[in-house]
Each structure stands twice: as C-alpha cells, then as structure tokens.
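Here's a quick tour for anyone meeting this structure for the first time.

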Amino acid sequence: MRAQTMAYFDQLIPSGMVMAKEAKEQGRNVVGYYCVFSPIELIEAAGAVPVGLCATKQEPIAEAEKVLPRNLCPLVKSSYGFAVSGKCPFFHFADIVLAETTCDGKKKMYELLAEHKPMIVLDIPNSSNLEDRQAHWVKQIYRAKDYFEKNLDVKISNEKLAEVIRTYNEERKLLMELVSLNKLHPTPISGTDLLKVLWGRSFQFKRDEYTAKVKELIAELKEMTAKGEGASQPSSKRILITGCPTGTGQEKVMQVIEEAGGAIVLQESCSGIKGLVDLVSEEMDPFEALAEKYSKIPCSCSSPNTGRFKLLSRLVQEYNVDGVVDITLQACHTYNIESYSIKEHLKKNHNIPLLQIETDYSDADRQQIKLRVDAFLEML
Amino acid sequence: MKWTVGIDIGSVSTKAVLFNGEQVDSKIIPTGWSPSQAGQEVLERLLKPQGLTRDDISLLVGTGYGRIQQGMFDKTFSEITCHARGVHYLLPEACGLIDIGGQDSKVIGFGEKGKVEDFVLNDKCAAGTGRFLQVTAQTLGLEVSQLSALAEDADPADINSMCAVFAESEIIGLLAQGITVESIVAGLLKSIAKRISVMAGKIHFQDTVAFCGGVAQNQVLKDLLSQEIGCRLAVPPCPQAVGALGAAILGYEL
C-alpha cells in the first residue's frame, strides 16, 4: 500500500522546475547547491531560494565525458554534464552556485564549472581532528556570508539567520518524525518513497506547502499503520542503506532490494538522514552554530570518520536492522575504502552483515546487483 | 515418494538434478540462446528416464541467471545460496566454495547447514571467469579442455592483464617473443589463480574449500589455486551441477 499524499512528492521536482523560472521572473535570487555540507540556512537568510542542482542521472554523462575522464565518479560527471548541457533548469536559473571541496573529483570539476556560473567554493578540511576545525568552518561561513551580501546585494542579519535556523530545525524534526515511523514492522513507507520525500526537500520552492504535505503524509501513514497496512511484508528483512548519495533517478539498487522483498528502513547517507539527525544550536551565535552543525556531518571525505560508525551503531539498533547495504559509486575512493571498516565494525559489534554494491548510474549491472541482493536477503 | 528438481540455468550450460532425499540423477545441456527452452528441455531429459512427469514433482526450484525470466519454477533461489547448500551436502567438511562460472566467479563462505555467511563476486567483466579462459584459449587456437594437460610441467609465463581483451594482446606479444604456448597457458592459469585468491582473501577460509564449476575439472588450476589460497581444495563429484543440486535440496527441505 502506498500513501495517497505521495502523489504530491511524485510531482515535487517537475513542478519545482517550473517554479524556478517563476521565482526568477518575480525577481527572486536563486542559489544552487550540491551537497549536504552546504549551509542552506545562509542562502535563505540572504533572501534567496536555496535549490539543489541536478546530479544523479545517467543521461548527461556522455556530454560530461567530452571534458571529464571516463573513470570518474558518476555523480561528479552527471553534475557537470547537467550544468553544461543546459538540461538542469535549477542550474540555469541559479544566480550563484554554492559548492564545497568534499572530494578531489568535485573540487577539480568546480574549477571547470566556474566558467559557467559565479560560484563560491567552501573549503572543507578533510581532517576531522584538525585543531582549528571549528574556527576554520566559522571563517568559511563568514566567507559565504560576505560573498552573498556582495553578489546578491543584501545584508544577512543575526536575527534573520536565527529565525531561518529555527524554521529549518523544525523541518528536520518533522522529517525525522516521518523517518521514525519506519521503526515499525512492517515498514509503513518504502525506501524509494522516503527517498522521494527527503531528496525532494532540496528542490522545492514553497517550504510551507512542503512541510504541510509531510505532516499530511505522516498522518496518513499512521492511519494506514493502524489499519495494518504497510509498504513491506511481515517476513521482509529490514535493510539499512548507507554509502554514497542515492538521488532520484538512480534508485536502481534500492528498487532491486524492494523488488526482491527487502524492506528499506532508512538511508544513512547524505541523501537520507545524515544531515537531519543533528539540529543547529539555537542557543549559540547563529554563524558559529551553523559552522558547528555542518562541520559534524559524518561524510567519508573526512578522516577519521568516527561519526559515521557511531551513527550506524545507533541506527541499526534503534531501527532493528537485519542487514546493511552499502552503495558505493564507482571511483568514490573514500566511501569505497571505508566500506571495509564499516563491514568489520557492524560484524564485530552488532553481528550484522554488510553487502557492498559498487555501481554507477547506468542500468547495465542491474542483473548482477539482483544476484547479490537476492543472495544477501536469503542469507539474512 | 517426494520428488524435487533443481534447475540451474547458467550462461553456458543448464543443469538439472532430481532429488528424493538423495541425489537420483543429473543432466547437463548447453543453454544456447533460449534459457527457458533449455530449462524445459533439461527437465524433460531428467524426468523421462525415471518414468516421471512434471506432476510427480512436488517442487521445481530454479537458480542461475535464467531463473528470473520464466514462469516455470515454483520457487527460485540465488545461485549463491544453492551452491552453498549443494556443496554442504556433498562435502560436509567444507567451510566454503569457489565457483568459476561462465559469467562470474564466486567465493562463498558458509556455516552450519550450508547457510551463507559471506560472499564475493567478481566485477561485471570476464576477469577470472570461465569466459576469460575461453577467450584466451581461442587466441591460442585451443579448446578450454586442452589447457590443463598443456600447462602441466610448463614454466608459467608472466601474464598481468586480467581483462580478456588486453590479455589477448598480451598473449600475442608473448608469442611474438617466442614464449611457448605451454608457458603461456600455465601463465594464464596462474593469473586466474592469483585473481581468485585475492577474492578468497576477503572470506576468511580455514579448512577445506570446495572448487566447483566446469573449470574445476582443470587439475593444474586446482593445484595453483590451492597453493595461492593455502587451503585444501576438494572438487565435488559433477562440480557443474552443485547449484542445481542445492536448489533441489532447498526445495526438498521447504
């Protein structure tokens, strides 16, 4: 069974494309971003619309490969291909792009992309134990503030930022409430639908409407649960997804898992709950608070990345997970290497097996993935 | 009497096993271009000599890549689960298995009752698969079945490419240098053994490991693999039909 409210989220990205144009026509500023490290509160506080940029489809990769190496992460290639081919309306209507030095591939790709759009690239230190990490992040937040103020001709006040932080915290809490429904068994909402809601968050232009619909979805799912309806079977094995981001358009692995009868409980990845579990402090200075929140995101580009181990430990217990599937994008060295440590960690501390699926955005390996997934579900 | 049949439709051959608490018979035919036709045909060839019909079979279980495209099966399992179950039945002392198939190579570790605990499959290319051997044998004008005898006692040439396409050009280069065909074949087998042993390293094998798939008939490769992995390798009887046997057993136990 599927909640009827999902129809809204099915249309969220397509209708966002139209709204991006309308926002520009109404004279609003639009700032595009790629990554969960982007402090989107700052964009909103600058009076601009923060919008995610297209990045997770196979289609524009051929265009990107005219410039970028073939043996590169599909996410980086797809982002670049979408941007330069003019096929991403969000990129087209963005005044500015907020980027970040999460990995080497993206870092170098942004150098090429800078020829197409004004951009600010936040410097993300790759040592999680860098002594002045917080100070460094605070500097980056202020750098972005200055850049927005100058280029969008606005002032970002402490008050405005504090207000946006509160709004976004409420949204995070609400989304976690939705995700938490899947602590139930059978799960009320499928992994691919959950992805649609969470991923769609970056592509919407009417935040109030979006949160109202999330509330509606939560209510509907609760009703369905009360009637004994769910998105999976009582016999379904409970699967947690981790690893590289899985956006709309590349749900392949998640689809295969659900078709094979697995219940995807939630995603511990930046397309899932990675950026939602922690709130921004409402007590501290808002700029320092933003810096603190974003510096703590447990991404594999940070070393050592102990936060991810802790988060996974918490999630597999809270959500009563049977097995973990780690989706690694080809040529994503940090997630690929970390997969080994995560597998050992889960086996040793929780006796939960991990299946690593290394893939790209093409459909060519769907059968190979199916075999691995079938075998994994059978062994759980 | 309760009868079950397991059918393993692989990319090269289709295997079927008839089971009634013990293995009664098995048949192997080429898969050809129609996996569903191969499935039907092998079933007929298996049942007829026993005087059985489809109605006598309480459960027909499918595995292998062909399991997904037809409505003929009552139940399907992945070949990983089936191989483990089949090996456990034939060689109860084994703690895992290596299967070099036509399209992929598998290394599987299992525990009690043959329940899979971990597995590694090769990438989506021919590296370390039966297909790799086939392509490289063709380059030398040989049949896969000739490789073992040729490689015996030969000094293995150094072959680095695991990509079937690059290995082909590497072989041509070696031939041009005057390296003997025997040495090249031994080198090829050694390179496969190395590749598989890297996969096996991810599963912590301790004792006896079964070696399955048609390639397991290659004695030289078996010895090389055993050396590389540092475990005793045992080839079960009819190593190609282990998956089909496992499927039949799983069906019988349901």
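Helix 6 of chain B crosses helix 7 of chain B in a right-handed way (right-handed means that the near helix is turned clockwise from the far one by less than a right angle, left-handed that it is turned anticlockwise). This is a predicted model, where local features need pLDDT of at least 70, side-chain atom pairs count only at pLDDT 80 or more, and totals for chains, interfaces and linings use all residues. Residues are numbered from 1 along each chain as its sequence is written, chains are lettered from A and ligands numbered from 1 in the order in which they are written, and side-chain values use heavy atoms, with hydrogens and water left out.

**Helix 6 with helix 7, chain B**

- Helix 6 of chain B and helix 7 (residues 219–229) of chain B pack at about 40 degrees, with axes 9 Å apart (axes are lines fitted to C-alpha atoms, for helices over the stretch in contact, and angles between N-to-C directions run from 0 to 180 degrees).
- Helices here are DSSP runs of H or I with at least four residues, strands are runs of E with at least two, and both are numbered from the N terminus.
- That angle makes helix 6 of chain B and helix 7 of chain B oblique to each other (under 35 degrees is roughly parallel, over 145 roughly antiparallel, 65 to 115 roughly perpendicular, and the rest oblique).
- Among the residues in contact are B:Leu189, B:Ile192 and B:Ile196 from helix 6 of chain B, and B:Leu221, B:Leu224 and B:Leu225 from helix 7 of chain B (contact means heavy atoms within 4.5 Å).
- Sorted by class, this contact has eleven nonpolar, one polar and three charged residues (Ala, Val, Leu, Ile, Met, Phe, Trp, Tyr, Cys and Pro are nonpolar, Asp, Glu, Lys and Arg charged, and the others, Gly among them, polar).

**Helix 3 with helix 6, chain B**

- Helix 3 (residues 130–139) of chain B packs against helix 6 (residues 181–201) of chain B at about 165 degrees, axes 11 Å apart, so the two are roughly antiparallel.
- This crossing is right-handed too.
- B:Phe132, B:Leu133 and B:Thr136 of helix 3 of chain B meet B:Leu188, B:Leu189, B:Ser191 and B:Ile192 of helix 6 of chain B.
- Five of the contact residues are nonpolar, two are polar and none is charged.

**A buried leucine**

- B:Leu43 sits in helix 1 of chain B and is buried, at 7% relative accessible area (buried is under 20%, exposed over 50%, partly exposed in between, with a 1.4 Å probe and protein chains only).
- Leaving out residues up to four places away in sequence, B:Leu43 touches B:Val5, B:Ile7, B:Arg54, B:Leu60 and B:Met72.

**Salt bridges**

- B:Arg54 also pairs with B:Asp74 in a salt bridge of 3.3 Å, N to O (a side-chain nitrogen of Lys or Arg within 4 Å of a carboxyl oxygen of Asp or Glu).
- These two sit in distant parts of the chain, 20 residues apart; B:Asp74 is partly exposed at 40%, and B:Arg54 is partly exposed at 32%.
- Over in chain A, A:Asp95 and A:Lys24 bridge at 2.8 Å between their closest N and O atoms, linking parts of the chain 71 residues apart.
- A:Asp104 and A:Lys107 form another at 3.4 Å, and both lie in helix 7 (residues 104–113) of chain A, about one turn apart.
- Across all chains, the count comes to 40 salt bridges.
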